[in-house]
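Hi everyone, thanks for coming.

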Amino acid sequence: MDPILLGKGTTDDIPVTLLPKFGNRHGLVAGATGTGKTVTLMTLAEGFSRLGVPVFLADVKGDVAGLAVAGDGNEKVLQRARDIGIADYAPGASPVVFWDLYGKLGHPVRTTVSEMGPTLLSRILELNDTQAGVLDIVFKLADDRGLLLLDLEDLRALLGLVADERKDISTSYGLVSTQSVGAIQRALLRLEQEGGEMFFGEPALELQELMRTHLDGRGIVNILAADQLILKPRLYSSFLLWLLSELFETLPEVGDLDKPKLVFVFDEAHLLFDDAPPALKQRIEQVVRLIRSKGVGVYFCSQFPDDVPDNILGQLGNRVQHALRAFTPRDQKAVKTAAQTFVPNPKLDVADAISRLGTGEALVSTLQDKGVPSPVQQTLISPPRCRMGAINESERAQVRAGSPVGAKYDTRIDRESAAEMLAKRTDAAMQTANAPAAKTEKDDPDAGGFGQAVKDAVFGTKRRQGMIETMAKQTTRTIGTKLGNQIVRGILGSIFGGRR
């Protein structure tokens, strides 16, 4: 199987490639803004797609969508292809399916509240530990009572139930405070106002949809529109982490294959780890370490290599490092870190080269025979065959019209779940409470004793006043007393300068 051509090494004047059988050993694409990271991701996506490997990646700036349209083949691009030695270079589009959590720029991506789970949902809602504990109780209660949590309306209805039965639930499951319930409800309201409710519901995304191949054998490139989603960093990172976790839990073990079953690209990777609690970071590390055996390759993309924790960075076998500008101490540290992660090349001063790389150049090291990293090469990156830029609305609409999944996901389904089930129970209880008694005193003389006693106590008899009359007299006296007190306070207030 032919390797993916990443470019041509200027250090040793040799082709720099990525072997398909090591595509599941994960990778990192790093570099400062404007140095060519996106173009490198597009070259990788095209290469995997031509091998028949499906790809999933987020389009943070809107230009990755250019994969769906052929490039214009301008002279600058053609000259780059000749310099690298790409004999068969020709502009072309990749088979693309567009997705969007908001359902505007692609097919809606949905999951159910139950599938998301309390841990990731707590992160999306930005709950503290106490509030997250209450959310755990809510999910446990739903399981015990057989209530389906599909959308946010279901979760809100169950929170209302928890508030109503707080004392009993606190005894059985753990302390639940009204403050915590209120905080979760307010967080749900914020999420809805940001459009997050579109993400929860049915039909839920089936992971096999991301692993499709085109009729010509090329892998489908799944592009998530994330230019708006990235403005909600926790929702963005939690969604991608959920997707990665679902792949890990769903796909079977396959060991090392000739090529990956799926390549998953995580752009703006630092958002995954910012403010993540230790337990969540440990979960990410576990997924990244073990998902390789499921045939999935994970590629992180970020500005600095140290945006990725060391215990995960050490698992990324394929490295592409674009230029870093060492203007600040933070930048200088990042340059040093990046230089230390590469296999040395005696012909190259890595730390110096990182600062001098031009746009479209990178330091590259990939796994070669027997999984050994190759010495780092200063590389002229291959140009993608697609358009290196955004597409217009008509081009996007044309791609969506030919999508194989539109009919399945574009229409929302709302089946009976927790909200509807609890509403029915409430209605049934109210009808029972409002129903007339089965027997009255007239119908059943034996029931007259107790019923007449209650009536006499409430309304009184000829000899004795009832509760209603007593309460009316007491209320009259109280009002009179309060009115008198208010008049006195008013007079004293005018005497003592308005103090009350």
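Let me start with a definition: helices (H or I, at least four residues) and strands (E, at least two) are DSSP runs, numbered from the N terminus. Counted that way, the protein has 18 helices and 12 strands.

A quick word on the source. This is a predicted model, where local features need pLDDT of at least 70 and side-chain atom pairs count only at pLDDT 80 or more, while totals for chains, interfaces and linings use all residues. Residues are numbered from 1 along each chain as its sequence is written, and side-chain values use heavy atoms, with hydrogens and water left out.

Now, the inside. Of the protein's 500 residues, 49% count as buried; buried means under 20% relative accessible area and exposed over 50%, with partly exposed in between, using a 1.4 Å probe and protein chains only. A nonpolar core is a set of buried Ala, Val, Leu, Ile, Met, Phe, Trp, Tyr and Cys residues joined through side-chain atoms within 4.5 Å. The largest one here has 85 residues, and L224, Y236, F239 and F300 touch the most other members. Helix 8 (residues 233-250) gives this core its largest share, 10 residues. Apart from it lies another core of 34 residues, including L44 and F48.

What does F300 contact, leaving aside its neighbours within four places in sequence? Its partners include G27, F266, F273 and L316, where contact means heavy atoms within 4.5 Å.

Next, a helix pair. Helix 5 (residues 152-164) and helix 7 (residues 178-193) pack at about 165 degrees, with their axes 10 Å apart. Axes are lines fitted to C-alpha atoms, for helices over the stretch in contact, and angles run from 0 to 180 degrees between N-to-C directions. Helix 5 and helix 7 are therefore roughly antiparallel, a label for angles over 145 degrees. Among the residues making the contact are L155 and L159 of helix 5 and I184 and L188 of helix 7.

Finally, some backbone details. E202 and P203 are joined by a cis peptide bond, with omega about 5 degrees, and P203 sits in the loop between helix 7 and strand 7 (221-225). Two residues other than glycine have positive phi: D13, near 55 degrees, and H26, near 70 degrees. Is each of them buried or exposed? D13 is exposed, at 52% relative accessible area, whereas H26 is buried, at 2%.

How values were computed
Parallel < 35°, antiparallel > 145°, perpendicular 65-115°, else oblique.
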